[in-house]
Protein chains: 2
Amino acid sequence: MKLSAFASSFVFDPRKPRFRDYRTLLDDEDEELPGLEASLEQIGEYQRRLWANRARAVLLVAHGPDTSGKDSLIRTLATYADPAGFHAWSFSRPQGAETRHDFLWRVTPFLPGFGEMVVFNRSHHEAVIAERVWPVHEPESYNWKNRYQSIRNFESHLVEEGTTLIKVWLNLSEDEHSQRLLKRLDKPRKRWKFDKSDIDGWNKRHQYQEFAEEAMAATHTEEAPWFIVPGDRKSQARAIVAAILAEQLQHLAPEYPKEDEGVLKEYRRLLAKNGVK
Amino acid sequence: MKLSAFASSFVFDPRKPRFRDYRTLLDDEDEELPGLEASLEQIGEYQRRLWANRARAVLLVAHGPDTSGKDSLIRTLATYADPAGFHAWSFSRPQGAETRHDFLWRVTPFLPGFGEMVVFNRSHHEAVIAERVWPVHEPESYNWKNRYQSIRNFESHLVEEGTTLIKVWLNLSEDEHSQRLLKRLDKPRKRWKFDKSDIDGWNKRHQYQEFAEEAMAATHTEEAPWFIVPGDRKSQARAIVAAILAEQLQHLAPEYPKEDEGVLKEYRRLLAKNGVK
């Protein structure tokens, strides 16, 4: 996966995996960011070509603590996408049948097919982050190292088989996290998203971040890298993720399928012969 | 299902099921149409409430001949939808495992769950329309009357279990159909959609329409009605379908979940106690 200078400045660095205070905000308010609108238009255009071609799949995995803006990020990325080939899926705490299968089982039906672009709102990585804070099974039944290996193998397999995989973490400062929790209670359009478990999430935020750092260090690979995006200013976070996604699509460079001019001519002749003028 | 005067003017009339020449265009160019933008905003707003509530499902089934504008219609309807709860799925000629199951089998995994709005680009109705023109099995193995009954029972079951079901047919004149086939060959962005089978589709258009009329007459029910939308002018067709969908959502009237003020107060107290200020 080729990375431009812009995208690579957000790539997770496993040598200094502590990102609790890591670029929560870009230092300089005026630091030049690629225009959001231009990136979204590029994403829309490439997504249509991807869909026309049916040759490659794209999966963007979005993670981050509660209130980090994953939902609104996904809405933004979808702005110019064709819903025929663009799908978003959310994964929360495993329930029912999900808990009775290996942890990759529940995401596989939702993976992008060739031609599709899919965004996961949380993903199989929950099995090595949230599940460590709030275990689904007996804690002694987990072997995290094996799970890391499973994830690396799974993602390597997907990339090998034709999926472009981008993993982003929306980083949030504690101040902003707390302000957003309070706001959720004030707005009728946001209130339904508040869940009592958000309070537990807040209390265990340090533990959650630590597990996330460990998981990212263990699952950050060249073919499926993690990007750490400063999330305190939503518009900034969206512009960054959109730019990263647009750049990756640019490297992929999907084109509309080319037709042989001879074939087109033959089609026109056939249509005319059948009364289409 | 309540219908406004506007929507009901497009309801299929099974007593005169010939729609080949049926309102291909609205008679009067200036006939007042509800504004597209207003309808799309309403759809977006209701779809978000539907998703917040997770109490009802909405399924819009879009049919019509090749080039009738189903894809662009679906893109338009999605304009303000939240991709987390909005999905579009396309069904073409059954292939592989799809041909080895009953004809409803392949659509069921894609039905909307509670909270979701789904649009089908073609659907289980292909089994009583296209499949009559281009049989998948030995022609003598089909019993259309049984299939109509299966569809009525299936759709009645879905409505009974909490799905609002709207079926639209984009009607196309022969002139416009032929013009669009030619255009598909001229535009690089459209060319990939052209398939040799489009020529066969054109040749068998009368048969296709006849089977569609019969199928609609047999599967038009009060709880899952068909709407016939004049499709020659794409912008008009989109405005009509958007208005019909917006009206149905208005009758459904999803609201954001209400919270007990006492519960909200308790949440605020808990957050404060946990250091969120």
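Modeller: Buried here means under 20% relative accessible area, exposed over 50% and partly exposed in between, with a 1.4 Å probe and protein chains only. This is a predicted model, where local features need pLDDT of at least 70, side-chain atom pairs count only at pLDDT 80 or more, and totals for chains, interfaces and linings use all residues. Residues are numbered from 1 along each chain as its sequence is written.

Colleague: What makes helix 3 of chain A largely enclosed?

Modeller: Of the 8 residues in helix 3 (residues 70–77), 6 are buried, so the rest of the structure largely encloses it. They are Lys70(A), Ser72(A), Leu73(A), Ile74(A), Thr76(A) and Leu77(A). Helices (H or I, at least four residues) and strands (E, at least two) are DSSP runs, numbered from the N terminus.

Colleague: What covers those buried residues of helix 3 of chain A?

Modeller: The cover, by contact (heavy atoms within 4.5 Å), includes helix 2, strand 1 and helix 10 of chain A.

Colleague: Why is the relation of chain B to chain A called a two-fold axis?

Modeller: Superposing by least squares on C-alpha atoms of residues with pLDDT of at least 70 in both copies, a rotation of 180 degrees with 0.0 Å of shift along its axis puts chain B on chain A, RMSD 0.0 Å. That is the relation of a two-fold axis. In chain B, the C-alpha of His87(B) is nearest the axis, 3.3 Å from it.

Technical notes. Chains lettered and ligands numbered in written order. Heavy atoms only, no water.
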